[in-house]
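This report describes one protein chain in plain terms. It goes from the overall layout to single helices, then to helix pairs and a few residues.

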Amino acid sequence: CFANGAKLGCRSSMGAYAQCLMYGEGGIKSDSTAAFNWWLLAAEKGDLNSMRSVGSCLYRGIGCSPNVTAAMSWFKKSAAQGHTDSMVWVGAALSEQIVADSSCSDTEERQERAVRWFEKA
C-alpha cells in the first residue's frame with residue numbers, strides 16, 4: 001500500500017501511504033500519528049492534498065496536538081496554489097470566526113473575505 005514509494009521519497013506515495021495508515025487500508029493497521037507524519041513529509045515536499053490533510057489533522061488534533069493556527073497556515077498554503085478543498089476550509093474558518101485574521105478589521109470584512117474564498121473554490 002504505497003509504503004515502498006513513500007520510503008523512497010515519492011511525495012504522492014507518501015500521501016497515499018498516509019491515507020492507508022489513517023484508515024487502516026491495504027491490510028495496514030490504522031495509526032493516525034504515523035499517517036500525520038507521512039502527510040507532513042509529503043506536504044513539505046509540496047503535495048497539495050497532503051497539505052490539506054496536515055491542516056485537517058492539526059485542526060482536529062488527529063495524530064498530533066491540535067493547532068488551529070498551524071492548520072490554517074497549511075490550508076492557506078495549498079489554497080494559494082489552487083487546492084479547492086483548502087479554499088473551503090479557509091472560507092469556513094473565516095466565516096465561523098474560528099481564526100483571527102489581522103488583515104480583516106471587522107466582521108463584515110471577514111465575511112466578505114470568506115465569500116471570496118468560497119467563490120474561488
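From the N terminus on, the elements of the chain run α-α-α-α-α-α-α. There are seven helices and zero strands in the chain; helices (H or I, at least four residues) and strands (E, at least two) are DSSP runs, numbered from the N terminus. The model is predicted, so local features need pLDDT of at least 70 and side-chain atom pairs count only at pLDDT 80 or more, while totals for chains, interfaces and linings use all residues. Residues are numbered from 1 along each chain as its sequence is written, and side-chain values use heavy atoms, with hydrogens and water left out.

Of the 121 residues in the chain, 40% are buried. Buried means under 20% relative accessible area, exposed means over 50%, and partly exposed lies in between (1.4 Å probe, protein chains only). Among contacts in the chain between residues at least 6 apart in sequence, 38% join residues at least 24 apart. A contact here means heavy atoms within 4.5 Å.

Helix α3 covers residues 32–44. Its 13 residues should span 18 Å at 1.5 Å a residue, and the end C-alpha atoms are 18 Å apart, which agrees. The expected span is 1.5 Å times one less than the number of residues in the helix. At the start of α3, a side-chain oxygen of D31 comes to within 3.2 Å of the backbone nitrogen of T33. Just after α3, G46 has a positive phi of about 100°.

The buried residues of α3 are A34, A35, F36, W38, W39, A42 and A43. Their cover includes α1 (3–7), α2 (11–23), α4 (48–60) and α5 (68–79).

Helix α4 also has a span that can be checked: with 13 residues, α4 reaches 19 Å from its first C-alpha to its last, close to the 18 Å expected at 1.5 Å a residue. Buried in α4 are S50, M51, S53, V54, G55, S56, C57 and L58. The cover over these residues includes α2, α3, α5 and α6. G61 follows α4 and has a positive phi, near 70°.

**Helix pairs**

Axes are lines fitted to C-alpha atoms, for helices over the stretch in contact, and angles run from 0 to 180 degrees between N-to-C directions.

| Pair | Axes come within | Crossing angle |
|---|---|---|
| α2 and α3 | 8 Å | roughly 165° |
| α4 and α6 | 10 Å | roughly 30° |
| α5 and α6 | 8 Å | roughly 130° |

Angles under 35 degrees count as roughly parallel, over 145 as roughly antiparallel, 65 to 115 as roughly perpendicular and the rest as oblique. A crossing is left-handed if the near helix is turned anticlockwise from the far one by less than a right angle, and right-handed if clockwise.

The axes of α2 and α3 cross at roughly 165°. That makes α2 roughly antiparallel to α3, and α2 passes α3 in a left-handed crossing. On the α2 side the contact is made by R11, M14, G15, Y17, A18, Q19, L21 and M22, and on the α3 side by S32, A34, A35, W38, W39, L41 and A42.

For α4 and α6, the angle is roughly 30°. This makes α4 roughly parallel to α6, and α4 passes α6 in a left-handed crossing. R52, S56, Y59 and R60 of α4 make the contact with D85, S86 and W89 of α6.

The axes of α5 and α6 (residues 84–95) cross at roughly 130°. The two helices α5 and α6 are therefore oblique to each other, and their crossing is left-handed. M72, F75, K76, S78 and A79 in α5 meet S86, M87, W89, V90 and A93 in α6.

S78 is in helix α5 and is buried, with a relative accessible area of 0%. Leaving aside neighbours within four places in sequence, S78 is in contact with L48, M51, R52, H83 and S86.

Y17 lies in helix α2 and counts as buried at 12% relative accessibility. Y17 and W38 are 21 residues apart along the chain, and their C-alpha atoms are separated by 7.4 Å.

Is K29 buried or exposed? K29 lies in the loop between α2 and α3, and at 72% relative accessibility K29 counts as exposed. Not counting residues up to four places away in sequence, K29 touches L21 and G24.

How values were computed: Polar contact = N/O pair within 3.5 Å; in protein donor to acceptor, adjacent residues only side chain to side chain.
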